[in-house]
Amino acid sequence: MTAHTKGSGTTWVGRSLRRVEDPALVTGQGRFTADLPAVHWVRFVRSSVAAGTIGSITAPDGAGIVTAADLKSLKPIRPMLSKFNYVAVGQPILADGVVRFTGEAIAAVYARGKDEAEDIAELIEVEIAETSPLIDAIDALADGAPLVHAEATGNVIVEGRIVTPGFDEVWKTAHTIIRVDGRSRRQNATPMEARAGHAAFDASTGRVTLTCTTQMPHLTRTAVCDIIGMPESDLRVVAPDVGGGFGQKMSLAPEYVLLVWLARKLRSSVAWTEDRRENLIASFHSRDQHVELEGAFDKGGKLLALRGDIVANVGAYSCFPTTSGVEPLMALAELPGPYDVRAYHCRSRGVLTHTCPMAPYRGVSRPVITFVLERLMDKAAAFFAIEPTELRRRNLIDTFPYTSATGLVFDDGSYKATMEMAIAAIDLRSFRKQQQTARENGRYLGIGFATFSERTGYGTPAFAARGMAISPGFETVHLSIDPSGFVEARIGSSPHGQGLRTSLAQIIADEIGIDPEFIKVVHGDTDRSPYGWGTFASRSLVLSGGASLIAAQKIRAKLVKMAGHMLEAAPEDITLQAGSAHVIGTDRSITIATLVRAAYHQVHIFNGEIEPGMTETGTYDPSGTFSNACHVALVEVDIDTGRVEMKKFLVAEDAGLIINPMIADGQVHGGVAQGIGNALLEEIIYDETGNILSSTLADFLPPTSREIPEIELHHIETLTGNSITKAKGLGEGGAIGAPAAVISAINDALSPFGVSIDEMPATPQRIRAALRSSGKLPSHGRFA
Amino acid sequence: MKPAPFTRHVPKTIDEVVSALAEFAPQDGRILAGGQSLVPIMAFRMARPTHLIDINEVEGLDRIAIDGDYLSIGARARHGAFHKPVIDGVLGKLLAFVVSHIAHYPIRMRGTFCGSLAHADPSSEWCLVAATLGAQLVVKSVRGERIVAVEDFLEGIMSTSLAEDEFLAEARLPLLPADTQFGFYEFSRRAGDFAMAAALVTYRLVDGVIVDAHVGIGGAEDRPRRIAEAEAVLNGQAPSPDLFVAAGEAAADAVEPLEDILTTAEYRCDLVRAVTRRALERSLP
Ligand SMILES: Cc1cc2nc3c(=O)[nH]c(=O)nc-3n(C[C@H](O)[C@H](O)[C@H](O)COP(=O)(O)OP(=O)(O)OC[C@H]3O[C@@H](n4cnc5c(N)ncnc54)[C@H](O)[C@@H]3O)c2cc1C
């Protein structure tokens, strides 16, 4: 075998190792679902109306077509919650008699080529008797509104309430009540790769391989098999390279069920590649919420009580496995954010409408509630005439563990310290001077701070608290060293761009004394990796990292024991480093490669004290840990046009021990970019008939590199007892804090006009309309 | 997102182009130039031509040259050709300044100047340039050749006076006197997006006052055009902040603004006011 010799004496953890994932991706060698050849190509015929009853479906003679009538044996997608007045509603794989959103699949056409399938799909005639659709959640809540699903009275699919004891008494003691009516418009996560699936039937085994662009291969296998009624052993799910997911790919796509069913029926291979229009109208949406929030403050600016009412538009169906409770319930539990507030009164509802179903999207509700809560804090600071950061200083939690009004336990963090770090780094004082000078010249600069917590790495207990029939959580790692001396870690997580293969190898390398380049991490294939939940909710590094560490500790113990035997030393005198076991204080050593060979081929020499082979399993199921950060946005608002220019962005964050700084920074950069898009640009727009007006990337506007400013990052590493690797998650934080910081900065810039922008995205039209209604616009000429 | 079936024809000469058009236009045949507008709408099947007459292999159509007192721009001249000034003098600089606002680099390497005019998007920068400067358009068909003034060419949102069998062979832009001042400003949501309003101004300063002002507005109405009311405000006056504000007001008052679900008439006028003033501010030496 190759000698493991490149060790440096220090740890692998903490180094910005280049990502092992990248060489293939940047040289065009990545392998994506849509790269696979197939015999049949599927095109979905989608509803052009938002609500109605399906009449006849007519296809040209000889067309390969599937409709609901062919799928009577399939169960609907019906995720379940046992709490929060959740009403189970079912989603048929293809619309069955009724359509409930524009873009819902009504039929699947299959043909020998993609183009041919699209040509035939165009010829399918679907008669739909239109009914008037419900687009906005507030309309769906109105008395007498039609029902999207008969089971869900009032169109409310889930309703959670929390009222802390004695709330009213606390409320009465308030010095002032500050109020925000927040509105977050609908988003699409827009992964670079839209959805794609490929199902291939193997006639010799009767098995189907479903290759698809998913964040949770095992759960996809379970769900598809439940719906079709087939043994899981007959289905292999493979997630090859996946071009981003952001949550959109953690929910089950009904299209994948259809593909597996059709592959079995045709005893062949079938494939579907979603186009961008389908993705924008019919994959999943998110963040369509109304949040009314009131805060009761004492005269020193201390927040005493919070009262919230959240309405989340969850669209026409409930997503699997989280259910559409995911947004409203996340908002309910996390609305108080990182602030110390003991009295809390909140109602949060998920409301069904005739729109594309909601699914989790990076941050899940927290980008929305953070934006509204931070507006509240900024408005309170204005009321008390103090710096927004000073108001936060008076309210941020700083003793740990802290149990929140909603029962969440915050482990050690640095809520105040990250904010102070950010204030110093951005130089708030000199910014205020600059801002003043600029205003005198008719230019409007603004600064916005957002302080927030990010709940990460949580296991089954946290999910079970929601009453999910399927409660995600644990992760398992199978770690082995094969006779060649190479290490393989098979994981249940399913990274898709996060660089987890690199980070996990760093964790394992330190424990077993073998360089990362000899450690391969295998994921995304249900035939090769242990049952796991996939990658979402800022969990994979904490959970798979923890499970990897546990497995590596077992491997280490075994190697040490073997080395002790072969070197005739006590196990506690052995260290593993740079590919060898050394007896401390001597020059005696043996290569790990030799030990591994012995475990397979010379096991008799250990007199039965060693199990043959070199494979161990680690499972980790922690309670969760909170990361935290302070985001700062600097903007300039053009008051003539309402346009916002991002000048600079700064993040001071704490995600515990950083395994790979470069990868961690990359996660923050990407999240911040999405957050800026969220705050300024992206909006899915329905007209009142339920037609989507933003169905191309010329209308739905993700930011480009030219809209993203320089992002300066600072780190604090608070080591938590809640994660055995000491690492916290940070996948979502960028997207959580950035919208709030940007909106806050806009409002700061516009403070001379007395306007309040409480809606995202803050488009130039909305900003300019607010400025106009302020009546304070100057009418003057100037040379820029 | 696959186009409906079509047949592609690849003529090598202008004569072949016009005879192919004459033959196939009645069967829904169209010119394919850079494809940067046509191909996307074909992918959405919003356009489904059955024949495409691809002009990308026609000799000589990429010609950009001075002919007398105007600059000729052939039907295959790409946006990217204007990244550096194509000629000495003000016009070359003006075109180089404007071109960087059109879409993104890869699109500019394919899309054509004449294709933009034929496509007649109200936000097209080249349509604005043509309207402001007073372009002449050379139109050919098997029936012969005619020269059309830009104001008779652009008719409305994506509509021109080209007959279905006619080919826009060349655009001619008048050369600008050496003392011409110009300023261009456009407003869009993101860099490279279609303008929600844009202004191009040119004038000369004689004895400190503005003469021969051209104020063109694009993206705000169904087609770019000159705004006489704003030009009247400027002509005969010395540049000043107040004058530019007044010109912006005049332009905003004069336009018949396009509206959409996001953009009210009032907001569009706000943009016209701002872009006009800023284009003027940029025009100062
Ligand atoms: C993402 C994106 C952003 C863009 N942003 C901008 C922008 O900001 N500003 C802007 O102006 N444009 C923009 N465009 C459009 C681009 O500039 C196009 O290149 C241009 O509008 C059309 O030129 P073309 O050569 O590509 O024409 P094609 O797409 O080939 O043709 C367009 C139409 O004109 C007809 N046509 C073309 N040439 C002739 C001719 N010589 N005679 C008769 N008919 C002809 C075609 O039949 C077709 O109907 C953008 C395009 C994209 C994809």
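In the automatic or database domain assignment, chain A comprises domain 1 (33-131 + 195-273), domain 2 (364-457 + 623-774) and domain 3 (474-620), and the C-alpha centres of domain 1 and domain 2 of chain A lie 38 Å apart. The model is predicted, with local features requiring pLDDT of at least 70 and side-chain atom pairs counting only at pLDDT 80 or more, whereas totals for chains, interfaces and linings use all residues. Residues are numbered from 1 along each chain as its sequence is written, chains are lettered from A in the order in which they are written, and side-chain values use heavy atoms, with hydrogens and water left out.

Thr214(A) is located in the loop between strand 10 (207-212) and helix 5 (217-228) of chain A, helices (H or I, at least four residues) and strands (E, at least two) being DSSP runs numbered from the N terminus. A polar atom of the Thr214(A) side chain lies 2.9 Å from the backbone nitrogen of Met216(A), and a polar atom of that side chain lies 3.4 Å from the backbone oxygen of Lys249(A).

The contact between the chains (heavy atoms within 4.5 Å) involves 35 residues from chain A and 34 residues from chain B. Across this interface the rule finds ten salt bridges, defined as a side-chain nitrogen of Lys or Arg within 4 Å of a carboxyl oxygen of Asp or Glu; one of them joins Glu122(A) to Arg45(B), with the closest N and O atoms 2.7 Å apart. On the side of chain B that touches chain A, strand 11 (180-187), helix 9 (241-254) and helix 10 (265-283) each supply at least two residues, and helix 10 gives the most, with nine residues.

Methods
A polar contact is a pair of N or O atoms within 3.5 Å; within protein, one must be able to donate a hydrogen and the other to accept it, and residues adjacent in sequence count only if both atoms are side-chain atoms.
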